[in-house]
Every structure is written in C-alpha cells, then in structure tokens.
Amino acid sequence: MTSAPRKIVLDCDPGHDDAVAMMLALGNPAIEVLAITTVGGNQTIDKVTRNAQSVLAMCRREDVPVYQGASRPLVHRVESAPEIHGESGLDGVELPEPGAALREGHAAVAIVDAVMAAEPGEVTLVGTGPLTNLALAVRLEPRIVERMAEVVVMGGGFPEANWTAAAEFNIWVDPEAAAIVFDEPWPVTMVGLDLTHQALATAEVEARVGAIGSPLSDFFVGLMGFFRMAYKESQAFDDPPVHDPCTIAYLIDPMIVQTRKAPIAVELRGEHTVGMTVVDLRGPAPAGTHTQVATKLDVDRFWGLVEDAIRALSDAE
C-alpha cells in the first residue's frame, strides 16, 4: 500500500538549485506541488518569478500555479547573487517563454489559503530562498502554525557559511524573517550548508543525467555547467553544491537525510554575525524542541532521485 503524496507549497527564488528542486518535486510521485511561490533573492522578484514559470514550462507542468511574493526583505536592503546565478538568475540555458499567466494575489496570501483550505497537518511548506514570504504568511494568519505539517528550510549552517564569514545567503538576506520562522512553534527542519555541501554536481552526475537525452536533461546539464563555473570562480568549488533539492529529497525519503534535534536561533544584532544560525549541539535537545538540523546526506540515493525525476518528466514530454 502506497502512502498519499506529501502536499507542499514550494517558496523559492530560482536560481539554478531551485530549478533542480522544482524538477525533483514535480517528477517524484511522493510529492504533490500545490503551488510555487516566489521571493526576491538570487535575483530580483520579476526575474525569479519568470524563471519559475520557465522551469514549469520545461517540465510540462504549467498546471501548477505560480504566485509572486515579496520583492525585498522585511528590514534590510535588496540583495541578490548575480555572481552565482548570473544576470537572469538562470544563466547557462535558453529559457522558454512561460505559457501560463501568474495567479492573482500575493504569495503570502496563497500560502495561508493553501494551509487553511487543507486538513490540519496536510501541507508542508518548503522554503529555498529568503524566508520573507513565510514570515509574512505567519504574521498574516497565525493559525497556520498549528495546521502546518512541517516547515523545511534550505538555509543556514553550523558552522558553515557562504555569504559572510558567519552567514548563509538565504538567512543573511532577511534575518528578521528567518528569526520569525525559526521561533514559531511549528516543526522546522533546517537543511543547511553542512548538508548541502555534500550534494555536489560532479561530472559523473552530469553524464548520468545527460544520458537521458531529453530537452529537460540537456537543460539540467546547461544549468550545472554555468553553476560549476560560477562556484569555481566565486567560492573555489571544483563541483557546485546543489543545495535546494536536498529539502525535497528529505521529504521524499527521510532516510536519505540524517537529522538531529537542536535549538536554533538567528543572530540579528552582531556586528560581524548578522544572519548566523546559532545551533545548540551541546547535548540532547531539551524537551519540546521543535527544530532540527540536517547533518548527513546519502549522496548516491539523492542523485538517484534527481535522475529518476528528470527521466520521469522527460518520458512525459
């Protein structure tokens, strides 16, 4: 007997690795994507929203609604990452024209509507960009906290960082929003750099996916080619870490991602540490701890899921 698919809202800022997260979520029967919501991060809100629409077009899944969200953080100035993702946010490939229009309404409202329309514990919220929309949603309607199955976040590190000496990009861009999300008493899983730096798109991975021989597999290879060059130049990685699909892999099969319960706080006031995720690993987590961190990835099984999803979407073309 197979269990029902996990219903998710994917809040993202595509982004090369966000695009792969979308492919994995759309191509695996264990996941049902209720909506894609977008947030300014890897590039400006208009660019990442168009990118989300273009990836859906590549996947032949334009039935999935897309809602545009916050263009800027709650408090701080706008920050993006063109040195990693290029001027389009998805440099390295030719993006198809979106065939479906944006849905009306703000992403935060769409998140609230999806959770409130479902049974309690039925919807999981996945955030792979800055957490502005998630914070706005919970402030707009606090009842979503008790109705949420889980919140899974790609962000942070303990002690890994990539945008400053202390902070990971998604958390640093909007630390106040991250603090809101981690502080609410819903179950939160932080899939941070300590885990995602194990998810490297090696030449072998590219070859395996490229051998599928479809427009979508070629799209993946093109994305990874640019991503490799960008990470080599900016952070001295030989192979790029593909962060965001690790969140989806965890939901498909929790055995692929080892986790550990621990309290998590977001630093908001440190002169050199704003955006740092402070993870308390000194001992067993206190009773009632609602946060956990991802620690170890089953790399082979992870890439197997990605390859299978791209093949499944390619077969449906």
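A nonpolar patch here is built from Val, Leu, Ile, Met, Phe, Trp or Tyr side chains joined within 5 Å, each residue having over 30% relative accessible area and no salt bridge (a side-chain nitrogen of Lys or Arg within 4 Å of a carboxyl oxygen of Asp or Glu). Areas come from the Shrake-Rupley method with a 1.4 Å probe. This is a predicted model, where local features need pLDDT of at least 70, side-chain atom pairs count only at pLDDT 80 or more, and totals for chains, interfaces and linings use all residues. Residues are numbered from 1 along each chain, and side-chain values use heavy atoms, without hydrogens or water.

One such patch is made by L74, V75 and L136, with about 220 Å² of accessible area together. At 32% relative accessibility, L136 counts as partly exposed, meaning between buried (under 20%) and exposed (over 50%).

Now go to strand β6 (residues 188-191). V188 and M190 point one way, T189 and V191 the other, and all are buried. Strands pair if DSSP finds at least two bridges between them. β6 runs parallel to β5 (residues 148-154), with four bridges, and M154 stands opposite V191. Three bridges link β6 to β10 (residues 291-297), also parallel, with Q292 as the partner of T189.

Last, helix α11 (residues 215-235). Its buried residues, including F219, F220 and Y231, pack against α1, α2, α3, α10 and α13, contact meaning heavy atoms within 4.5 Å. After α11 comes A236, with a positive phi near 65 degrees.

Methods: Buried < 20%, exposed > 50% of the residue type's maximum accessible area, 1.4 Å probe, protein only. Helix = DSSP H or I, 4+ residues; strand = E, 2+ residues; numbered from the N terminus. Patch = residues over 30% accessible without salt bridge, like charges linked within 9 Å, V, L, I, M, F, W, Y side chains within 5 Å.
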